Amino acid sequence: MASAATSTLPLPNAVANQNLSHLSQEEQDTLQAAVFQRLHPRLYLEKYIAEGVRPDGRAFGEGREVSVNVGSISTADGSALVRMGQTTVVCGVKAEIAEPELDRELEGFLVPNLDLPAMCSPKFKPGPPTEEAQVLSDRLNQALITSNFLPLESLCIHPGKAAWVLYVDATCINYDGNAFDATLLAMVAALRNTTLPQATYDPETHRTLCSRRAPRVPLKLSASTPISTSFGIFDSKHVLVDPTSFEEPLLDSSLSIILGDNDDIVSILQLGSLLVTMEEGGQEVQKDALVECIKSAKKRREEVMEEAFK
């Protein structure tokens with residue numbers, strides 16, 4: 001991974017007017033870059049892009065390192081902690097029993113939710129769930145349902161009488177961009193870690209009993225694991241994989257591609273135009289970035305599966 005350079009950035013007046021002689025040259029360079037980044041974020045990013053590198057040292061098509069730890073919440077039926085760069089998401093699964101819906105008496109319920117509390121980033125304020133958290137929760141629900149990663153029929157205990165309700169609650173404890181990819185991975189890992197007690201419905205008493213003695217059983221998950229890769233287009237020219245919280249507000253458009261096993265496309269969510277300007281034969285031409293993004297998503301999925309579930 002390339003190292004991020006700061007010495008080429010101009011010194012802001014706010015820093016230049018102060019006596020920094022007590023700081024080492026390295027400390028002065030770090031302070032200079034931090035102030036410049038805060039005052040002129042777009043120009044700051046442009047200077048790195050011009051050098052073919054991003055502020056954190058990654059190449060344009062390079063994702064951040066991923067780690068997954070499961071079973072970290074002892075009180076949950078399943079849990080996972082995911083780190084994607086500095087973005088950290090913890091997810092817990094709690095199971096309850098409810099009566100199925102009348103028109104879906106053979107199906108249970110899957111209820112994913114993402115919380116973006118104020119503690120994870122200054123971007124978020126205390127109070128009710130933000131619009132961003134609600135939108136991401138809807139997208140996560142759509143991704144899990146569309147992928148059929150957990151068939152809802154497998155949650156049925158007795159048709160029309162009893163079914164499992166799985167509350168898949170994720171909380172971002174440190175936000176540094178791309179919460180969607182990290183949270184979907186956390187939810188998938190938590191569901192893979194989930195076990196349920198063996199439950200039976202008694203038609204005479206109309207009650208559902210859970211055995212404490214019988215071994216708990218894992219969920220009946222599909223073989224295909226949905227993994228998301230998100231992209232951002234900067235300055236209508238550069239496609240950045242796995243954008244950080246600094247890069248996200250500066251992007252012209254964004255794209256999330258969810259792939260299953262065998263590179264099957266589960267869903268694609270696009271916000272904004274995917275046309276990028278490229279040079280060919282000394283002339284600037286516009287091309288749709290979708291095909292290249294799908295190729296990059298396939299490669300990224302292999303990397304994530306290897307790092308997360310090796």
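These are my notebook entries on a few spots I looked up in this predicted model.

**Entry: the annotated domain**

I started with the UniProt record. The entry, which is unreviewed, lists "domain: Exoribonuclease phosphorolytic" for residues 62-197 and 226-299. I took the two spans in turn. Residues 62-197 come out as 24% helix and 36% strand, and I get 42 Å between the C-alpha atoms at the ends of that span. For residues 226-299 I get 14% helix and 51% strand, with the end C-alpha atoms 14 Å apart.

**Entry: helices α2 and α3**

Next I went to helix α2 (residues 25-39) and helix α3 (residues 41-50). Their axes come within 5 Å, and the crossing is at roughly 120 degrees. Angles from 65 to 115 degrees would count as roughly perpendicular and those over 145 as roughly antiparallel, so α2 is oblique to α3. I then listed who touches whom: α2 brings A33, F36, Q37, R38 and L39, while α3 brings P41, L43, Y44 and K47. Sorted by class, this contact has six nonpolar residues, one polar and two charged.

**Entry: helices α4 and α5**

Which way does α4 cross α5, left-handed or right-handed? I looked at the packing before settling that. Helix α4 covers residues 131-147 and helix α5 covers residues 179-193. I find their axes 11 Å apart, at an angle of about 50 degrees, and the pair is therefore oblique. The crossing of α4 past α5 is right-handed. On the α4 side the contact uses L136, R139, L140, A143 and L144; on the α5 side I noted A179, F180, T183, L184, M187 and V188. The class tally here is nine nonpolar, one polar and one charged.

**Entry: T88**

T88 sits in strand β3, which runs over residues 87-98. I skipped its neighbours within four places in sequence and checked what else T88 contacts. The list is L81, V82 and R83, plus T171, C172, I173 and N174.

**Entry: P215**

Last stop was P215, in the loop between β9 (207-210) and β10 (217-218). With a relative accessible area of 58%, P215 is exposed. I also checked P215 against P197: the two are 18 residues apart in sequence, and their C-alpha atoms are 7.0 Å apart in space.

Terms used: Residues are numbered from 1 along each chain as its sequence is written. This is a predicted model: local features need pLDDT of at least 70, side-chain atom pairs count only at pLDDT 80 or more; totals for chains, interfaces and linings use all residues. Side-chain values use heavy atoms; hydrogens and water are left out. Helices (H or I, at least four residues) and strands (E, at least two) are DSSP runs, numbered from the N terminus. Contact means heavy atoms within 4.5 Å. UniProt positions are given in the numbering used here, feature names are shortened, and annotations may be inferred rather than shown by experiment. Axes are lines fitted to C-alpha atoms, for helices over the stretch in contact, and angles run from 0 to 180 degrees between N-to-C directions. Angles under 35 degrees count as roughly parallel, over 145 as roughly antiparallel, 65 to 115 as roughly perpendicular and the rest as oblique. A crossing is left-handed if the near helix is turned anticlockwise from the far one by less than a right angle, and right-handed if clockwise. Ala, Val, Leu, Ile, Met, Phe, Trp, Tyr, Cys and Pro count as nonpolar, Asp, Glu, Lys and Arg as charged, and the others, Gly among them, as polar. Buried means under 20% relative accessible area, exposed over 50%, partly exposed in between (1.4 Å probe, protein chains only).
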